[in-house]
Amino acid sequence: MITDDAPRDVETHSSMLELVRVRFLEFLREPEAVFWTFIFPILLAGGLGIAFRSRPADVSKIAIAESSVQADSLRLVLARDSLLDVSIVPDSSIDDAIRLGRFALVLSNSEGGPTIILDEAREEARSARLLVQRALQPTETRIVLEERRVSERGSRYIDFVLPGLLGMNLMGSSIWGIGFSIVDSRRKKLLKRLVATPMSRSQYLMSFVLMRLCLMIVEIGVIAGFGVKVFGVPMRGSWLSFAVIALSGTLCFGALGLLIASRAKTVEAASGMMNIVMLPMWVASGVFFAATNFPDTVQPFIQALPLTATVDALRLNMLQGVNGMALLPELGIMWAWMVVAFFTALRLFRWK
């Protein structure tokens, strides 16, 4: 039996299918949605897969105190193990070697026998200890290895990751904050009204950079202060050098934000370009894990990234106490990106 409701049901189903088709078309026309749904997971999985690929066992760097009995002979014995990289260091450098993580452990050999000095909180120290014990203890004899355990700030994961978070925050807030503001003003036709004013393009663009510098003081102060006060993250370098690094990073990423927004007409287009620029640095610049996990063939590219330079400079300053001229290689990379990006943005910028 056919009722009057049958044509209505068919029409309802047809309308529903058409609405579903429209939803798919709307999704495919949003580059940002497509990027985060399909492209970003693939790129992230690929980057992490390369960083944590199967590879030979890491070589542990260990040190022998210079005053140790038969230090040279001991070094030769340990060096037989291909997984150990052995150096002899002055006794005055032992504490720094452990505190700054330059060596997994230090071996001091006295008349009473060898003593291992290590920070047991570090995974590489525990691995190196097993290798040293294996190298010094033949199967037919057993040597008692004494241990002196130390716990140094600067070798924990929170100490490693906080400078990375600072650098990532500088990049994200500068690029997104500046880029979206300019593109949104262009989309709303606000920039066209500024053409008739005496204001130059350089003044307009620099106003965004100066605004970011003011906000940077608050952002960096809150995050760094929280890490130092709550988690005890060390600040071994000078605050002046720390401020120069933060200032350079803000200017560098601000210039990149200006460059991205110089021609983009829609928020979607600007968002896609920002993601393309920032994604390689999120994955490869050593924010959450060491950039050295990637193959040597791509290291020149990774080291040339502005976020890598920023994060490395922050870690050198905060964890190792490096100041001033010693930071010039990292600062030079940031300044080069800043100059090139700003003047390119100044040349490409359009009000409309």
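**Note on the predicted model**

1. Cys214 is exposed, at a relative accessible area of 55%, whereas Cys252 is buried, at 0%. Here buried means under 20% relative accessible area, exposed means over 50%, and partly exposed lies in between, with a 1.4 Å probe and protein chains only. A search of the whole structure returns 0 disulfides, a disulfide being a pair of cysteine sulfur atoms within 2.5 Å.

2. The model is predicted: local features need pLDDT of at least 70, side-chain atom pairs count only at pLDDT 80 or more, and totals for chains, interfaces and linings use all residues. Residues are numbered from 1 along each chain as its sequence is written, and side-chain values use heavy atoms, with hydrogens and water left out.

3. The chain contains 13 helices and 5 strands. These are DSSP runs numbered from the N terminus, helices being H or I with at least four residues and strands E with at least two. Of its 352 residues, 40% count as buried. Among contacts in the chain with a separation of 6 or more, 75% come from residues 24 or more positions apart; a contact means heavy atoms within 4.5 Å.

4. The chain exposes about 19,100 Å², and 63% of that is supplied by carbon and sulfur atoms. Accessible areas come from the Shrake-Rupley method with a 1.4 Å probe, and for residues only the protein chains shown count as cover.

5. Helix α6 covers residues 157-187, 31 residues in total, and reaches 43 Å from its first C-alpha to its last. That is close to the 45 Å expected at 1.5 Å a residue, the expected span being 1.5 Å times one less than the number of residues. After α6 comes Lys189, with a positive phi near 65 degrees.

6. Ser271 sits in helix α10, residues 267-284, and is buried because its relative accessibility is 0%. Its C-alpha is 9.8 Å from that of Val183, a residue 88 positions away along the chain.

7. A nonpolar surface patch is formed by Leu240, Val244, Met325, Leu328 and Trp335, with about 500 Å² of accessible area together. Patch residues have over 30% relative accessible area and no salt bridge; like charges are joined within 9 Å, and nonpolar side chains (Val, Leu, Ile, Met, Phe, Trp, Tyr) within 5 Å. A salt bridge is a side-chain nitrogen of Lys or Arg within 4 Å of a carboxyl oxygen of Asp or Glu. Helices α9 (239-261) and α13 (328-348) each supply at least two residues of the patch. Leu328 lies in α13 and is partly exposed, at 34% relative accessible area.
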